[in-house]
Amino acid sequence: MALLCGTPVFADEATDITKLMRAGQLPVALAKVDAALSQRPRDAQMRFLKGLILSEQNKTNDAIAVFTKLTEDFPDLPEPYNNLAVLYASSGQYDRARVALESAIRTNPTYATAHENLGDIYAKLASQAYDKALQLDSGNVGAKSKLTMVRTLIGNPGSATAKAAAAPAATPSAPVSTPAVSAPVQVAALQPKPAAAAPAVANPPVKAPTAAPLQVAAAKPAPVPPPLLSRPDPVKPEVKPAAKPEVKAPPKVDTDEVLKAVEVWAKAWSNKDVKTYLSMYGSNFQPPKGESLRSWSEERRTRIEGKGRINVKVEAPQVTMDGNAATVKFRQIYVSDRLSSNSRKTLVMEKQGSKWQIKQEHTGS
């Protein structure tokens, strides 16, 4: 079946409905839209206007139904996908909003508003993930700083997630010089494609100067689903492995002593206790850049005492023992008033008398 094109008569009709919406006469505007649709059920422009009116009336479910049907009947139009995403986001359904925006971008890769809205949806999803990480580990400094950064971004009134989905579209044939109502997105005249090669959208997108907030910052975090149950492996016949020489695990007391020494080292660094910090390095310590131990020590003293605040956290340490030597690998979380980093760290330690001291240290291994 051929799709209908817009005509000047229909353009005037859409203009009248738009004026009624601007004046706040939404029931009258809706009645005119329904009258037009009774004669032209597949009129995409009228259906789009109906979705906007329902959005203005806070009939979110009805508006979602209208825009969803538009995406099914006219999959080449990006605007219904975008407005559908805004409605989903307003009710906290961020995954559905993401899918709708990705569909809008696939339909029109140059649709800048959809790209911006998608970025804001990703920011909201990131905020929820960092918030969950902090619920599981309240001392996670990295997650705290990222959550603050993302919330600042979401709270920006110029962000796309601050746009609502309740504004009339432009008329399908007559250009609009100045939009007079707030729009959720750059809404173009929604005109379905004819059988010939005429374009589906009659006018270029028109972006309104202001928009109502989506209230995404106040949305409650999405519930975290329970972990999926993994499918068990099938039962296999028992095969006894060949006898292997017994490998004795290192004495736990030595491992605990090594970890305690690492904790003292990190705490002294965090407290800017330079004397204790440097005492954790043995007289045979090999500075990473080949400089003398004395020069390295003075450089470390200057750098540590020059910081306003320092916090060093050791995560997931693993100790490998070899007699009086031990290798400790862990993730080092470092935060100061000037720098934050999250990196792998390796300390090669040696027991000198009754004290474990650092012989070598490497970052990133």
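Predicted model: local features only at pLDDT ≥ 70, side-chain atom pairs only at ≥ 80, totals over all residues.
Residues are numbered from 1 along each chain as its sequence is written, and side-chain values use heavy atoms, with hydrogens and water left out. Local features need pLDDT of at least 70 and side-chain atom pairs count only at pLDDT 80 or more, whereas totals for chains, interfaces and linings use all residues.

Helices (H or I, at least four residues) and strands (E, at least two) are DSSP runs, numbered from the N terminus. Two strands are taken to pair if DSSP finds at least two bridges between them. Strand 2 (residues 325–336) and strand 3 (residues 340–352) run antiparallel and are joined by 11 bridges. Within this pairing, serine 343 of strand 3 stands opposite glutamine 332.

Strands 3 and 4 form a hairpin with two residues between them, and glycine 353 in the turn has a positive phi of about 70 degrees.

Nine aromatic pairs are found in the structure. Rings of Phe, Tyr and Trp (its six-membered ring) pair if their centres lie within 6.5 Å; planes under 30 degrees apart count as stacked, over 60 as edge-to-face and the rest as tilted. Tyrosine 277 and tyrosine 281 make an edge-to-face pair, at 5.4 Å centre to centre with 65 degrees between the planes. Both tyrosine 277 and tyrosine 281 are buried (under 20% relative accessible area, with exposed over 50% and partly exposed in between; 1.4 Å probe, protein chains only).
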